Amino acid sequence: MKQFYLALSIVLSLHLGHSNPQLTKADTPFIFNIENKKINKQILVSDLVALSCGDSICATEETYCNCSQDCDCMGGIGLFVTNYTTGSPVATTTPVVYCKSDVTNGSTNPIPEEIYIPFAPNGQQACVTNWEITTDFGTLFGTYPLSDLTTGLLRLTDEDLNASNGIITLTYTDATTGGGCTFSSIIDMSIALDANGNSWAGTAATACSALCSSPSVEFVAYDCINSAATFDVIDVGIPTSGSNGFTAQLEAADGTIVSSGIPLPVGMISIPIPDATESYNVVFTDSISESCDFVYPLSDICTACPDNTAPPCFDCGNNVCAYAETYCNCVLDCECTGTSALFIMNANATPVSSAIPVVYCTSELITGVVNPIPEIVYIPFAPSGQQPCVSTWAVSTDFGTLPGSDTLNDFTIGRVGLTDADIVASNGLITLTFTDASTSGGCTFTSIIDMSTAINVTGNPWAGTAAMACPGLCSPPSLEFVAYDCANSAVIFDVIDPGMPSSGSNGFTAQLETADSSIVSSGIPLAQGMFTIPLPDGTENYTVVFTDGVSENCDLLYPLSDICTACPENTNPPCFDCGNNVCAYAESYCNCAQDCDCTGTSALFVTDLNTASPVGSTVPVVYCTSEIANGVIDPFPEIIYIPFAPNGQQPCVTAWNVTTDHGTLYLEGPLGDLSIGLLGLTDEDLNTSNGLITLTFSDATTAGGCTFTSTIDMSTAVDSNENPWAGTAMEACPGVCIPPTLTFVSYNCSTSAATFDFTDVGMPSAGSNGFTAQIQAVDGTVLSSGIPISVGIIVIQLPDNQAYNIVFTDGVSAECNVISNTADICTSTCPENITLSISETGNVAYQVSNTITSADVIENGENVIYDVGQVIHLDQGFTVVGGANFSAIIGGCVSLLAPNDELLKRTTNKNKEMKRASQKISIMKN
């Protein structure tokens with residue numbers, strides 16, 4: 001195989017009757033690997049300047065990148081980096097020192113301490129994109145190989161710095177090619193700076209001191225009977241980075257570890273000792289940094305114990321609660337002293353302890369909850385056991401209830417609830433009992449609630465009874481008598497407000513009582529609006545009682561006396577006479593649909609729909625899909641939405657059936673009064689309706705037959721910003737789609753295949769699965785479809801070399817289609833320019849009127865022809881492998897382009913033309 005190198009500035013000028021045609025080399029040298037002698041004759045390679053790579057001489061046109069046998073990689077340097085932590089690093093020639101806490105966010109400096117030197121390779125070799133890095137001291141931190149001008153980190157300890165004498169060498173090796181380029185960079189720590197530009201501290205321990213603090217521990221006592229030492233841990237300390245925390249270990253005088261890994265909680269800890277007469281050291285350690293250890297020596301600790309009280313000795317079980325003994329470490333000798341319960345002031349905000357009980361109502365403790373009937377008061381409290389070994393207390397009371405948990409932690413708030421019955425039964429003295437629920441020690445204490453000393457939340461003496469302090473909140477219904485229905489023995493009321501029932505009630509109901517208070521009927525639900533109560537006898541006296549079933553002081557009574565003795569002639573009081581075709585006083589659609597129409601009905605439009613507080617509007621308001629469905633794009637065909645709400649104003653009608661003469665309704669069954677529905681309209685709906693759409697609302701609750709309509713006049717419509725709307729759905733809510741981005745690469749007339757390069761596959765319309773390709777005949781007939789596309793090179797096979805349309809479509813919106821027309825490309829005038837960057841297969845010829853730009857790879861056994869009118873550019877990467885046939889012809893489209901196989905047959909004739917033109921070729925060097 002022969003190898004030829006075209007130097008950077010070589011230009012072949014061929015003069016075949018065209019204006020200044022050229023065959024030019026790209027900016028980076030490349031290699032031809034050609035055995036075909038015909039090619040040599042065609043492009044006269046024998047006349048080019050041949051670079052003699054391998055002669056051990058780095059000639060003018062040779063570099064490391066095109067001839068590593070002859071040329072070294074000159075110019076490679078290693079850079080250091082400052083401003084590393086700012087996000088805008090800057091190259092420097094001086095090493096800059098950073099701590100681990102600087103370069104890894106949130107980390108503390110470890111022990112042994114470390115420093116970090118940021119660096120970056122600057123190899124300055126066009127063909128080398130990555131560098132392997134090694135160091136003679138320290139370790140590399142991060143991911144390698146490293147590309148040019150990309151920052152790496154060298155990690156060094158004081159051990160590394162001492163071993164290197166402050167001189168560290170980084171070596172960079174070509175990790176891209178096999179050329180073997182290597183260069184090095186020296187880190188001289190004597191000139192290093194810190195991140196602030198000052199001379200660095202000189203040692204990693206000084207520059208990046210590790211953060212840790214020892215535990216705070218006090219010796220308490222010796223337990224000579226059980227051979228143990230007791231300590232009080234006040235603070236468990238801050239361990240070194242990487243440690244699980246401080247623990248205690250016992251060491252003999254010679255440093256032998258007797259026991260280790262003893263947990264270190266805040267509070268009293270006991271450390272067993274094998275022999276109380278020997279000397280030991282108790283070491284509190286994080287197992288990483290000895291500088292953070294806390295050491296406590298113990299010397300002959302029990303030789304004179306327990307008589308000697310300096311230092312004190314722990315002698316649990318002698319029935320004396322001596323120094324250092326407590327309920328927690330010796331329940332045999334000591335009681336749980338100091339226990340108490342606190343009362344709580346300001347319990348509904350920032351609690352504060354109180355020495356006397358504080359009375360709260362339900363409404364003061366729980367926002368939005370009314371005081372119940374029977375009334376109840378609450379006394380908040382918290383245990384203050386002050387025993388380190390007791391974390392929870394079981395609570396009980398002799399009167400009242402304990403809502404919530406009856407097990408509380410220290411200083412956790414509980415409450416006791418008291419009714420007036422509880423307070424009377426207890427004579428105002430309630431006892432809370434707290435029992436140790438953590439250990440088996442049996443600690444118990446009590447706290448007395450003396451209601452005679454209690455205060456309310458404002459600090460004043462409380463009212464004395466729950467009924468006065470926290471009156472139950474209820475309000476009776478508000479209603480008006482309307483009429484008697486003597487024909488049906490019934491009475492009619494208009495319920496204006498159904499009232500607020502007492503806590504614990506399901507609401508107000510009506511019950512009918514006779515004159516002797518016998519209950520005739522009860523539990524009649526009380527709904528807002530007209531309300532009818534049947535009567536057994538319209539001539540008797542009754543009382544209608546509206547009650548919540550809990551509190552009699554909220555009852556509302558309405559007496560009825562001889563109501564129908566002179567009815568219906570007597571109209572004072574009025575009588576109800578439904579069915580006479582007259583909508584008289586007290587009659588309405590709801591109580592007499594035979595006589596009365598449903599008046600006052602209307603529909604509202606809605607603005608501010610996409611906020612939490614929609615508002616009624618008298619004009620239609622237009623919304624897009626993207627405005628009412630978060631994250632959903634506007635579809636094709638475009639659609640607008642008009643929100644509306646029925647305003648039937650009929651108390652007996654709670655739901656309405658809705659229909660429309662144009663568009664589509666988005667509802668889930670009948671629509672409640674003042675509930676929002678949506679009407680969807682396309683431009684087709686708007687055109688068909690002439691902008692006038694009728695909504696019809698029909699009573700879906702009763703059989704009364706109430707119906708009303710509402711007209712949507714689109715000429716008055718506004719958009720969601722209350723500006724006149726755009727007039728069409730397409731303008732108001734354009735469907736979002738982005739067509740694919742692609743370029744035509746080439747057409748292979750031998751195989752009838754078109755090649756395209758996709759840089760972006762686009763954003764399809766809503767509802768589409770994505771863009772695909774389809775092949776259409778010129779009359780629009782779809783020959784094949786669903787051809788997948790993806791970023792990169794796509795080859796589409798056509799039936800033959802006739803004219804076709806290749807349509808890239810999302811299958812939803814024709815507006816987003818991209819169409820490429822083949823236009824008989826193998827029988828008509830050839831294209832002006834072609835850019836090639838593929839691996840060729842088989843026999844192919846390219847003919848253009850102007851320029852071919854190529855980075856093709858032409859493999860063994862392939863036959864490829866470039867036939868141009870003006871210029872052939874061979875870019876970096878263009879390769880002709882041994883055994884391939886390649887022809888470069890300056891001729892171009894002097895006639896209609898024949899099929900590829902015919903052009904290939906004519907290669908010999910073209911070669912002869914090239915021979916005759918060879919004397920006109922000149923080679924120029926710039």
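Reader: How many bridges join strand E35 to E38, and in which sense do the two strands run?

Author: In this predicted model, strand E35 covers residues 509–514 and runs antiparallel to E38. One of the pairings sets threonine 514 against tyrosine 542 in E38. The number of bridges that join E35 to E38 is six.

Reader: How many of the six residues of strand E38 are buried?

Author: Strand E38 spans residues 542–547 and is mostly covered. Buried here stands for a relative accessible area under 20%, and the number of residues in E38 that count as buried is five.

Reader: Which residue in E20 is the bridge partner of valine 233?

Author: Strand E17, residues 228–235, pairs with E20 over six bridges in the antiparallel sense. Within this pairing, the bridge partner of valine 233 in E20 is glycine 267.

Reader: Is the disulfide of cysteine 336 and cysteine 443 right-handed or left-handed?

Author: The structure holds twelve disulfides, and one of them joins cysteine 336 to cysteine 443 with an S to S distance of 1.9 Å. Cysteine 336 lies in the loop between strand E22 (294–298) and strand E23 (340–345), while cysteine 443 lies in the loop between strand E30 (429–436) and strand E31 (444–450), so the pair links distant parts of the chain, 107 residues apart. Both cysteine 336 and cysteine 443 are buried. Because the torsion about their S-S bond is about 95°, the disulfide is right-handed.

Reader: What is the torsion about the S-S bond that makes the link of cysteine 361 and cysteine 470 left-handed?

Author: Cysteine 361 and cysteine 470 form a disulfide with their sulfur atoms 1.9 Å apart. Cysteine 361 is in strand E25 (residues 358–361), and cysteine 470 is in the loop between helix H7 (466–469) and strand E33 (478–485), 109 residues apart. Cysteine 361 is buried at a relative accessible area of 7%, and cysteine 470 is buried at 1%. The torsion of this left-handed link is -80°.

Reader: How many residues apart in sequence are the parts that cysteine 598 and cysteine 706 tie together?

Author: The disulfide of cysteine 598 and cysteine 706 has an S to S distance of 1.9 Å, and it is right-handed because the torsion about its S-S bond is about 95°. Cysteine 598 counts as buried at 13% relative accessibility, and cysteine 706 is buried with a relative accessible area of 2%. Since cysteine 598 lies in the loop between strand E39 (556–560) and strand E40 (602–607), and cysteine 706 in the loop between strand E48 (692–699) and strand E49 (707–713), the separation of the parts in sequence is 108 residues.

Reader: Is leucine 674 buried or exposed?

Author: Most residues other than glycine have a negative phi. Leucine 674, however, has a positive phi near 60°, and it is found in the loop between strand E46 (671–672) and strand E47 (677–682). With a relative accessibility of 54%, leucine 674 counts as exposed.

Technical notes
Residues are numbered from 1 along each chain as its sequence is written. This is a predicted model: local features need pLDDT of at least 70, side-chain atom pairs count only at pLDDT 80 or more; totals for chains, interfaces and linings use all residues. Side-chain values use heavy atoms; hydrogens and water are left out. A disulfide is a pair of cysteine sulfur atoms within 2.5 Å. Helices (H or I, at least four residues) and strands (E, at least two) are DSSP runs, numbered from the N terminus. Buried means under 20% relative accessible area, exposed over 50%, partly exposed in between (1.4 Å probe, protein chains only). Two strands pair if DSSP finds at least two bridges between them.
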